[in-house]
Amino acid sequence: MHRFANPARFAQLAAAATPWGVALTALLFVAGLALALFASPPDYQQGETVRIMYVHVPAAWMAMFVYVVVAAGSASALVWRHPLGDVIARAASPIGACFTLMALLTGSLWGKPIWGTWWVWDARLTSVLVLFFLYLGHIALLHAFDEPSRGARAAAILALAGIVNLPIIKFSVDWWNTLHQPASISRLERPAIDPSILAPLLVMAGAYFAYFVTLLMVRVRTELASAKLRAFRAALAAQG
Amino acid sequence: MSGILRFLEMGGHGGFVWGAYAAVALVLLVLGLISWLDLKRSEGELKRMEARLPGRSRPVGARNRA
Amino acid sequence: MTAFLALLRRDLRLALRQGSDAALVIVFFVLAAVLYPFAIGPEPGLLERIAGGVVWVTALLAALLSLERLFLADYQDGALDLLALAPEPAPLLILAKVAAHWLTTALPLMAAAPVVALMLGAPATSIAPLMAALALGTPSLSLIGAIGAALTLGARRGGVLVPLLVLPLYIPVLIFGAAAVEAGMSGAELYPPLAILAALLLAALPLAPLAAAAGLRNALR
């Protein structure tokens, strides 16, 4: 772990790994799309719209996963003063917010043909909506201070408060949803688990994951370069 | 030809299915592009900065190799 | 303990001297709640259905109004730096400030809540559950709000940021608080939502001051 603690070494490794990441991501997307759009059958009940599930469900998974990454980075920065913790949190957060946005958009498009409305207040989609606001708050806080390190620390505390709250929020939203269950059950039902469904789902999830790791490396490199630039500018200013 | 048309129509829900895939593609590509451009810009600035300060491999106060 | 009480007394005195704070919160609360009939029509059945929710949401927003001032005045005039130097643990001192905030904003809110609820047509059976839920929920709102106030100290446009940070964290309290009022209206079991509100408060009591203290340390660095 400590080998990666050196930002310069990390940046070098990331730069070397990026092309491989891009290639792997592209490969997985091609495979995933082929499975999702061609090689899997339409659902008995939902017809072709079930194909939206293959881009929606993995996006929701990644939205949650990336928030855990942000919280882990924040914890390592706050508790162990790991030099890359803040960098990873700052770099990952916008990616997570985008996955959340994708989950919301595709969720809406999935719900409309099935339920006739552009938004369904089902437990999962509502939790994702709250998660979206948690991401926005995190990103806003990162940029709210003149001194980047202050923003990083405040955002880190917020991320930890958020990750502690997330199970509570999920539990509350689930409870709220069952309490207010309308007469016709409005839930984005997943069709019964079938191997022909599992394959595209997992491959798309893999594609999203590869995308995340690759883009994270790119964004971390940017953060490290920006930090170096700031240090240079500060040194120049100090020189006179 | 009709096979392709049927595929594009997605059982009448073509707008939704392709809309969803298009939304995903758009978000992923825009985010990727912005991140890539940001990287090129800051690495470019860094190179120019390092060229302006010859004989100094890293700024004062930066972390030394562990 | 004496430091806790001293800080509590001092904050209360300051707040009471500036009575306008509590008054502003109450006026906003009543005014915002009164807007709903204008928006959706005065039909009694409809208003009664949403009365509990409206009271809770407007109480939440009213609580937000006063949060920024929790630490701001002390931060700006340097009193916060002095408090940070005190031997008492920062979370304890924060608890004192939060208690003062709760006493001066939530209590007046709770006094106005039955009036607002009745104006919106809530049945009399729902008032007691409403008060119990507010009593258990508003301290959590003050505690969670303190985290937002502490984290945005020294930020540009900090005041605008506090709602964005705090409202998502408020949602569990809102869900169970409103559910308690619903239960009161429909005759369902009151215990589950109230018990959960109590559990949320018990969790917030130790954790929120810790997070807020970390935020204050960050602001004072």
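Predicted model: local features only at pLDDT ≥ 70, side-chain atom pairs only at ≥ 80, totals over all residues.
## A buried leucine in chain C

Leu93(C) has 22 C-beta neighbours inside 10 Å, so this residue counts as buried.

Who surrounds Leu93(C)? Setting aside neighbours within four places in sequence, Leu93(C) is in contact with Ala3(C), Leu7(C), Leu83(C), Ala86(C) and Glu88(C). For a sense of scale, take Val34(C), which is 59 residues away from Leu93(C) along the chain: the C-alpha atoms of these two residues are separated by 37 Å.

## The nonpolar core

The largest nonpolar core holds 158 residues. Those with the most contacts inside this core are Ala63(A) and Val66(A) from chain A, together with Val55(C), Ala59(C) and Ala146(C) from chain C. Helix α2 of chain A, spanning residues 50-79, gives the most to the core, contributing 17 residues.

Once neighbours within four places in sequence are left aside, Val66(A) is in contact with Ala92(A), Ile95(A), Gly96(A), Phe99(A) and Phe212(A).

## Two helix pairs

Let us turn to how some of the helices pack. Two packed helices are described by the angle between their axes and the distance between the axes.

In chain A, consider helix α3 (residues 85-115) and helix α5 (residues 148-179): their axes come within 10 Å and cross at roughly 75 degrees. A crossing between 65 and 115 degrees counts as roughly perpendicular, which means that α3(A) is roughly perpendicular to α5(A). On the α3(A) side the meeting involves Asp86(A), Ala89(A) and Arg90(A), while α5(A) brings Ala152(A), Ala155(A), Ala156(A) and Ala159(A). By class, the residues of this contact divide into 5 nonpolar and 2 charged, with no polar ones.

In chain C, the axes of α7(C) and α8(C) come within 9 Å, with a crossing of roughly 170 degrees. Angles over 145 degrees count as roughly antiparallel, so α7(C) is roughly antiparallel to α8(C). The contact of α7(C) with α8(C) has 18 nonpolar and 6 polar residues, and no charged ones.

## Where chain C meets chain A

How many residues of chain C are in contact with chain A? There are 22 on the chain C side, and they are in contact with 23 residues of chain A. Of the elements, α8(C) gives the most, with 11 residues. By class, the side of chain C that touches chain A comes to 15 nonpolar, 5 polar and 2 charged residues.

Chain B has 66 residues, of which 17% count as buried. Its secondary structure comes to 2 helices and 0 strands.

Which chains share the most contacts? Of the 2 pairs of chains in contact, that place goes to chains A and B. Here 30 residues of chain B are in contact with 35 residues of chain A, and the chain B side is made up of 18 nonpolar, 7 polar and 5 charged residues. Chain B and chain C, on the other hand, do not touch, and their nearest C-alpha atoms are 19 Å apart.

Terms used. Residues numbered from 1 in each chain as written. Chains lettered and ligands numbered in written order. Contact = placed C-beta atoms within 7 Å. Nonpolar A, V, L, I, M, F, W, Y, C, P; charged D, E, K, R; others polar. Core = buried A, V, L, I, M, F, W, Y, C linked by C-beta atoms within 7 Å. Buried ≥ 20, exposed ≤ 12 C-beta atoms within 10 Å, placed from the backbone. Helix = DSSP H or I, 4+ residues; strand = E, 2+ residues; numbered from the N terminus. Axes fitted to C-alpha atoms, helices over the stretch in contact; angles between N-to-C directions. Parallel < 35°, antiparallel > 145°, perpendicular 65-115°, else oblique.
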